[in-house]
Amino acid sequence: MEETLKKVKEEGLETISNVKTLEELEVVRKDLTGKKSKLAEVMQNMRNLAPEEKKQVGMLTTEIKNVFAEKLDQKEQELIDQKSVLDGPIDLSIPGKKVSEGALHPITQMKYDLNDAFLSLGFEVYSEDDISSEKYAFDNLNFAKDHPARQSMDTYWLEGTEDKEGAERLCLRPHLTGGSVRYLLKHGAPARFVYPGPVFRNETTDARHERAFYQYEALIVDKNISFSSGMVMIQTILEKVFGRKINTRMREGFFPFTEPGYEIDMECLVCGGKGCKVCNHNGWIEVMPGGVIHPNVLKSANLDPEEWTGFYINIGLDRLVMMRYGVDDVRLFHSADLRFLKEFK
Ligand SMILES: [Zn+2]
């Protein structure tokens, strides 16, 4: 028996050393260590041996098995090292792999178009962090201490700052308006600037609402801002975005940071004013609140309300994009569905 095993070992090692390819190596590995190998056969027949011999043969087969495994691994590494990076002949006539072409997200595209429009009107494009604080999101903007928007059901407050207040109580910004005071504190007046970006609200999603969505806010602060200059701003933007005159209407609106405030509606372009899911079946859609900056907000920005005045507009970017392309569900824009996004290329 020992003789047989010795022969198995010698032959096996010889075979391993003659292997030329990785494919061949796998065949040899199976032949030498697999279930139908000579070693396996010896093991199977061991039960017929005397106990003393059984022990010896057992040790020997285990040893051979280990030697085979080691040599096979060695050979494998050798073959991998020798293998050329370019395997086989090279055919330069085979077409290359097609690289898929990306495109700007329709909301990003809209943001760029608006930036262009505002830059041409002499505005600066300003941006700030997505994380804000109670001071910038509410206190500076004349929100009453008990205003419902301050509650956690509307605003995402950051964990660990619940017990704090003012600049130390942090949140994901629920609107962009906080950025206006930050800008004015830094740059003073007169000023005309826009500040686009995502905002976050803790609300139930439906065809018109998302938890994170994009806004685009513009503010002019100067000594003599009339209501009509705000209206010109609105018309210019809508015409720029839609390439034609858009019907709008203004309603009284109340926002803590404006006095007076307005809701600016545009005719629903999805249904042409007839009524649909997007416009809540009334033919008009609220695209931007706006209004004259509240004296208390000017005071937060260290500006004298007797001297300065200003006009805000705040565009719901997602909704404007829905209108531009006639899309009736805002959730599609954030679904990361490439089939949908490719429609805008
Ligand atoms: Zn409609």
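## Helix α7 and its buried residues

In helix α7 the buried residues are G178, G179, S180, V181 and L184. A residue counts as buried if 20 or more other C-beta atoms lie within 10 Å of its own, as exposed if 12 or fewer do, and as partly exposed in between, with C-beta atoms placed from the backbone. The model is predicted: local features need pLDDT of at least 70 and side-chain atom pairs count only at pLDDT 80 or more, while totals for chains, interfaces and linings use all residues. Residues are numbered from 1 along each chain as its sequence is written. Helices (H or I, at least four residues) and strands (E, at least two) are DSSP runs, numbered from the N terminus.

The buried residues of α7 pack against β2 (131-133), α6 (134-137), β4, β5 and α9 (295-300). Contact here means that the C-beta atoms of two residues, placed from the backbone, lie within 7 Å. Helix α7 (residues 178-187) lies across β4 and β5, and runs at about 145 degrees to β4. Such angles run from 0 to 180 degrees between N-to-C directions, and axes are lines fitted to C-alpha atoms, for helices over the stretch in contact. Just after α7, G188 has a positive phi of about 70 degrees.

## The seven-stranded sheet

What is the order of the strands in the open sheet? The order is β1-β4-β5-β9-β8-β7-β6, an open sheet of 7 strands with mixed pairing. β1 and β6 (248-253) stand at the edges with a single partner strand each, so one side of each has no neighbour in the sheet. Two strands pair if DSSP finds at least two bridges between them. Strands of a sheet pair through backbone hydrogen bonds, either parallel or antiparallel.

Strand β1 (residues 124-125) pairs with strand β4 (residues 191-200) in the parallel sense over 2 bridges, and E124 has F193 of β4 as its bridge partner. β4 also pairs with strand β5 (residues 212-222), in the antiparallel sense over 10 bridges; here V199 stands opposite F213 in β5. The bridge partner of T248 is M266 in β7. Helix α8 (residues 227-242) packs on the sheet and touches β5, β6, β7, β8 (284-293) and β9 (309-316), with a direction about 25 degrees from that of β9.

## Strand β9

Is β9 largely enclosed or left open by the rest of the structure? Of the 8 residues of β9, 7 are buried, so the strand is largely enclosed by the rest of the structure. β9 pairs with β5 in the antiparallel sense over 8 bridges, and V221 has G310 of β9 as its bridge partner. β8 and β9 run antiparallel and are joined by 3 bridges; G291 stands opposite Y312 in β9.

## Two domains

The protein is divided into domain 1 (2-82) and domain 2 (106-344). These bounds come from an automatic or database domain assignment. The centres of domain 1 and domain 2, taken over C-alpha atoms, are separated by 75 Å.

L49 is found in the loop between α3 (38-45) and α4 (51-82). L49 counts as partly exposed because it has 15 C-beta neighbours inside 10 Å. Not counting residues up to four places away in sequence, L49 touches K54 and V57. L49 and I264 are 215 residues apart in sequence, and their C-alpha atoms are 97 Å apart in space.

## Two helix pairs

Helix α1 (residues 2-18) packs with α4 at an angle of about 5 degrees, their axes 10 Å apart. This makes α1 roughly parallel to α4. Angles under 35 degrees count as roughly parallel, over 145 as roughly antiparallel, 65 to 115 as roughly perpendicular and the rest as oblique. The residues of this contact of α1 with α4 divide into 9 nonpolar, 2 polar and 4 charged. Ala, Val, Leu, Ile, Met, Phe, Trp, Tyr, Cys and Pro count as nonpolar, Asp, Glu, Lys and Arg as charged, and the others, Gly among them, as polar.

Helix α5 (residues 106-120) and helix α10 (residues 317-325) pack at about 100 degrees, with axes 10 Å apart. That makes α5 roughly perpendicular to α10. P106, I107, M110 and K111 of α5 make the contact with L317, D318, L320, V321, R324 and Y325 of α10. The residues of the contact of α5 with α10 divide into 7 nonpolar, no polar and 3 charged.
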